[in-house]
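User: I am new to reading protein models. Please take me through this one in short steps.

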Amino acid sequence: MKQDPPQDKFKDECGVFGIFGHPEAANLTYLGLYALQHRGQESAGITTSDGERMRISRAMGHVADAFDEASLEALPGHIAIGHTRYSTAGESRLLNAQPILIDCAHGQIAIAHNGNLVNAGELRDRLVRDGSIFQTSSDTEVVLHLYARSREHTVEDALVESLSQISGAFSFALLTKDRLIAARDPHGFRPLALGKLDGAYIVCSETCALDLIGATYIRDVEPGELLIISDGGLRSLRPFPPAPLAHCIFEHVYFARPDSYVFGRSVNDVRTELGRILAEESRVDADVVSPIPDSGVCGATGFAETSGIPMAMGLIRNHYVGRTFIQPQQAIRHFSVKIKLNPVRSVIEGRRVILVDDSIVRGTTSRKIVKMVRAAGAKEVHMRIACPPTISPCFYGVNTPTRAELIAATHTLDEVRDFIEADTLAYLSLEGLLRAVAPSGSSYCTSCYTGNYPVAIPRGEQAYLQLALKAVE
Ligand code: SF4
């Protein structure tokens, strides 16, 4: 029997990469996507251009499985964009993999998207009524239809016209046969960095992709900026009306790699600070601080530093578990967690253990981990979470369970503690989170902790959220 473990973490969204002006554009894009693998593991794709002709290759699965030497050799050219996908809108199948490449009156164009468009449903309905035929169920295709139908005369004007109609979260890498174009929504929900390598320009979701290929970080693509990179150099346009900033705070809490700089801050530094503040806010006597790997490692480091309680790896993660695995016929207790994590008895036995994790979503995994740690001989188990209770779903490009499935939305703190069977449970406060992430004032989206959405959420969802709240009451 094959089984996918239930979703007990928010799922990463997507990773985008683009490069202009390098003879090895496809190979470097492949490496860039490799570094961005954590942002999406369902499919990967690369589109290249040699200035005349565009080519594309996409496949389901991880980057390393999606491409081989032959498929990369079949992607010649000095310009490329790439994408790793975790579906946040549209099903998981090859047809929905990105980049999406089309040919229209403005010429060929390919698009790679990180984010989610909140008015995609409405736009799609309108376009379908007007005769558009959609190939995919992804929100991203809407942009291409708007672009193809634009009566503007230049690629840039048509693009500005189409992007001006969409609302929500977007960090785009777009490719025409002679241009790389990057665009970021005016709220700046998702990150997008600009770098340089040997005269070639690069745009990518996170700076860890620049590190891998030896490129230098220049700056972020600014919220609301449209960057056009061509043989003529780099041009920056600001075609959208300004809007309040709403960087996704969860990038710092969980999504981004700790070795990346996101929204101008080191993710490692922010995450460690979350752990320090968590220790200030929820001190408890214990013998050892153990992270729940990998996501709890930075937080546990900060927690141990401030509390003075030594940190040790009380749980070891098996990094080689795929999304699906064969479940044994014989019942094994806590199997779905055990396959990923194993306790280190010598660290845990006879000790009062503080477990530090980045978040609790449904609570089912935390419960299994607490039980496993107790079974390994812990005297006490104290759970500390380096973010506030997650109470509301995301509509801006992150795959989340419904509100009714978020344990903190449906249970009190004591009920969650009882459910996960910990001796004590504490979350970081929202003030603590903001103090660590944005000490000079909030420019962040915190909707998953507050339920206050900075951009109107899709039609139908408001009613649904109210119903979910009623069910919770
Ligand atoms: S709702 Fe949460 S996950 Fe979504 S953009 Fe806002 S902070 Fe990020």
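User: Which residues of helix 4 meet helix 5, and which residues of helix 5 do they meet?
Analyst: This is a predicted model, where local features need pLDDT of at least 70, side-chain atom pairs count only at pLDDT 80 or more, and totals for chains, interfaces and linings use all residues. Residues are numbered from 1 along each chain as its sequence is written, and side-chain values use heavy atoms, leaving out hydrogens and water. Helices (H or I, at least four residues) and strands (E, at least two) are DSSP runs numbered from the N terminus. From helix 4, Ala 120, Leu 123, Arg 124, Arg 126 and Leu 127 meet Val 142, His 145, Leu 146 and Arg 149 of helix 5.

User: By class, what residues make up the contact of helix 4 with helix 5?
Analyst: Ala, Val, Leu, Ile, Met, Phe, Trp, Tyr, Cys and Pro count as nonpolar; Asp, Glu, Lys and Arg as charged; the others, Gly among them, as polar. The contact of helix 4 with helix 5 has five nonpolar, one polar and three charged residues.

User: Leaving aside neighbours within four places in sequence, which residues is Phe 250 in contact with?
Analyst: Contact means heavy atoms within 4.5 Å. With those neighbours set aside, the partners of Phe 250 are Phe 10, Phe 255, Ser 359, Cys 448 and Tyr 449.

User: What is omega for the cis peptide bond that joins Gln 98 and Pro 99?
Analyst: Pro 99 sits in the loop between strand 5 (79–85) and strand 6 (100–104). For the cis bond joining Gln 98 and Pro 99, omega is about 0 degrees.

User: Is Phe 263 buried or exposed?
Analyst: Phe 263 is in the loop between strand 16 (261–262) and strand 17 (265–266). Its phi is near 50 degrees, a positive value in a residue other than glycine. Relative accessibility is 12%, so Phe 263 counts as buried.

User: What is the relative accessible area of Glu 421?
Analyst: Glu 421 lies in the loop between helix 15 (413–420) and strand 24 (424–427). Phi of Glu 421 is near 65 degrees, a positive value in a residue other than glycine. Glu 421 is partly exposed, and its relative accessible area is 32%.

Conventions: Buried < 20%, exposed > 50% of the residue type's maximum accessible area, 1.4 Å probe, protein only.
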